[in-house]
Amino acid sequence: MEREHLSETPKYKVMSYEEYAKREHDVPYVYEIVIGEKKITYFGADHSMDPRDPMFDQIARKFKETSPQIVFVEGISVLAVRKEHMLGKLKVADQDAVIAHMGEAGFALKLAAETGIDVESPEPDFKNEIAYVEAQGIGREEIFACYLYRSVEQYHRGSGNEMTIKEYLTPHLRDFRAATQWEGFDYSIKNLRRIGRRIWGERGDMECADATRTDPVPWKGTETTWTDVNRVARASSSFRDQYIVGRIVEAMKTYDRLMVVYGASHAYMQEPALRKLFVEP
C-alpha cells in the first residue's frame, strides 16, 4: 500500500468481521487464483506449533506443487532486517524444533530456505498499526492487553516451552513499548496482570489459555463477553488485511508464483478482495 492507514472507505474489499462471523469454512483453508501465467497459492493455516499436526504435510505438498518464486509468511517482523541470518539457521535446524518454536510460519520459511526461495513477512509498520488502533478511540490499557495477551496465547500454543511466561513475554513487551512510547504508562508484567483481572476477572489469568479474550470475530452469542480488547483485535486485523492485500498486489507485478501462508481467517476474508482484483474484469 502506498500509505499504511485505513480511511473510512478501505482501499480493498476485504470481508468484514461482522460478515465473517456468519460464515463457515474449512481449516486449513486453501485456494489458488490463476491470472494468465501467474498464480497465487494461499494456504490459510490453523495456527499450530505441534510437529505431529498433519497440516504441516499439507503445507509441504502444496509448496512442492506450487514451486513458488516467493513465499509470504505471517508475523515475522524481524525477517525484514535479519533475513539472511534467519534463513541460514532455519535451513539446518531440526524441523520439529522449528515448528514447536515458530509454527507454520517458521516451517514455511524452512522450506523456502532449503530450496533457495525468497521470503517476506508483509506486516505493516507496528507504529503505524498502533496509531490506527489508537485512532479508534479505545483505551491504552485495552490496547496493551490485546497485544500482550495475544502473546500469552502464543505461549500456550507452544509445545515443550521451557521458558516461564514472564520470560516469554519480555521481548514482546519490549517491542510494544518501543512502538508506543506512551509517557507515564506502566509497561510491567504486574500491570498487565492487573489490567487482565480488571477486564476479564478470573478469565484474565495469564497462566491459562483463552483465545476468546483477543478474538477479533464478533461471533453470535459473544455479545456479553466481548470487550474493547476484542475491538482492538478487530481493528488491528483489519488494518493488517488491507496492508497484506496491497503487498500481494505489488508482488504479482514482479513474480509469477506466490505462496502465502497466513491464518485461515485472513485467507478467507482476503479472498473476495483478491479475486476481484485478479479475476473479475
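Contact here means heavy atoms within 4.5 Å. Keep in mind for every panel below that this is a predicted model.

**Panel A. Arg213 and its surroundings.** Arg213 sits in the loop that runs between helix H8 (189–200) and helix H9 (228–251). Leaving aside residues up to four places away in sequence, Arg213 touches Tyr149, Val152, Glu153, Trp200, Arg203, Gly204, Asp205, Cys208, Val229 and Asn230. One of those partners is Trp200, and the charged end of Arg213 sits over the Trp200 ring, 5.9 Å from its centre. Despite being a loop residue, Arg213 has a relative accessible area of 1%, so it counts as buried. For a sense of scale, Arg213 and Ala100 are 113 residues apart in sequence and 23 Å apart in space, going C-alpha to C-alpha.

**Panel B. Helix H5 against helix H6.** The two helices pack at an angle of about 135°, their axes 10 Å apart. Angles over 145 degrees would count as roughly antiparallel, so H5 is oblique to H6. The crossing of H5 and H6 is right-handed. On the H5 side, the residues that take part are Phe126, Glu129, Ile130, Val133 and Glu134, and they meet Arg140, Ile143, Tyr147 and Arg150 of H6.

Panel C. The structure holds 21 aromatic pairs. Phe126 and Tyr147 make an edge-to-face one, with 5.3 Å from centre to centre and 65° between the planes. This pair ties together distant parts of the chain: Phe126 belongs to helix H5 (residues 126–134) and Tyr147 to helix H6 (residues 140–157), 21 residues apart. How exposed are the two partners? Phe126 is partly exposed, because its relative accessibility is 26%, whereas Tyr147, at 9%, is buried.

**Panel D. Phe144 and Phe176, a tilted pair.** Ring centres here are 5.5 Å apart and the planes meet at 45°, so the pair is tilted. It again links distant parts of the chain, with Phe144 in helix H6 and Phe176 in helix H7 (residues 165–180), 32 residues apart.

**Panel E. An aromatic cluster.** Which residues does this cluster bring together? Tyr17, Tyr20, Tyr29, Tyr31, Tyr42, Trp219 and Tyr268 form one aromatic cluster.

Panel F. Most residues other than glycine have a negative phi, and most peptide bonds are trans. The peptide bond from Val27 to Pro28 is cis, with omega near 0°. Pro28 lies in the loop between helix H1 (17–20) and strand S1 (29–35). Ser67 isn't a glycine, yet its phi is positive, at about 50°. You'll find Ser67 in the loop between helix H2 (55–66) and strand S3 (70–73), and its relative accessible area of 40% makes it partly exposed. Gln181, another residue other than glycine, has a positive phi near 50°. Gln181 is placed in the loop between H7 and H8 and counts as exposed, at 58% relative accessibility.

Note on methods: Residues are numbered from 1 along each chain as its sequence is written. This is a predicted model: local features need pLDDT of at least 70, side-chain atom pairs count only at pLDDT 80 or more; totals for chains, interfaces and linings use all residues. Side-chain values use heavy atoms; hydrogens and water are left out. Rings of Phe, Tyr and Trp (its six-membered ring) pair if their centres lie within 6.5 Å; planes under 30 degrees apart count as stacked, over 60 as edge-to-face and the rest as tilted. Helices (H or I, at least four residues) and strands (E, at least two) are DSSP runs, numbered from the N terminus. Buried means under 20% relative accessible area, exposed over 50%, partly exposed in between (1.4 Å probe, protein chains only). A charge sits over a ring if NZ of Lys or CZ of Arg is within 6 Å of the ring centre and within 35 degrees of the ring normal. Axes are lines fitted to C-alpha atoms, for helices over the stretch in contact, and angles run from 0 to 180 degrees between N-to-C directions. Angles under 35 degrees count as roughly parallel, over 145 as roughly antiparallel, 65 to 115 as roughly perpendicular and the rest as oblique. A crossing is left-handed if the near helix is turned anticlockwise from the far one by less than a right angle, and right-handed if clockwise.
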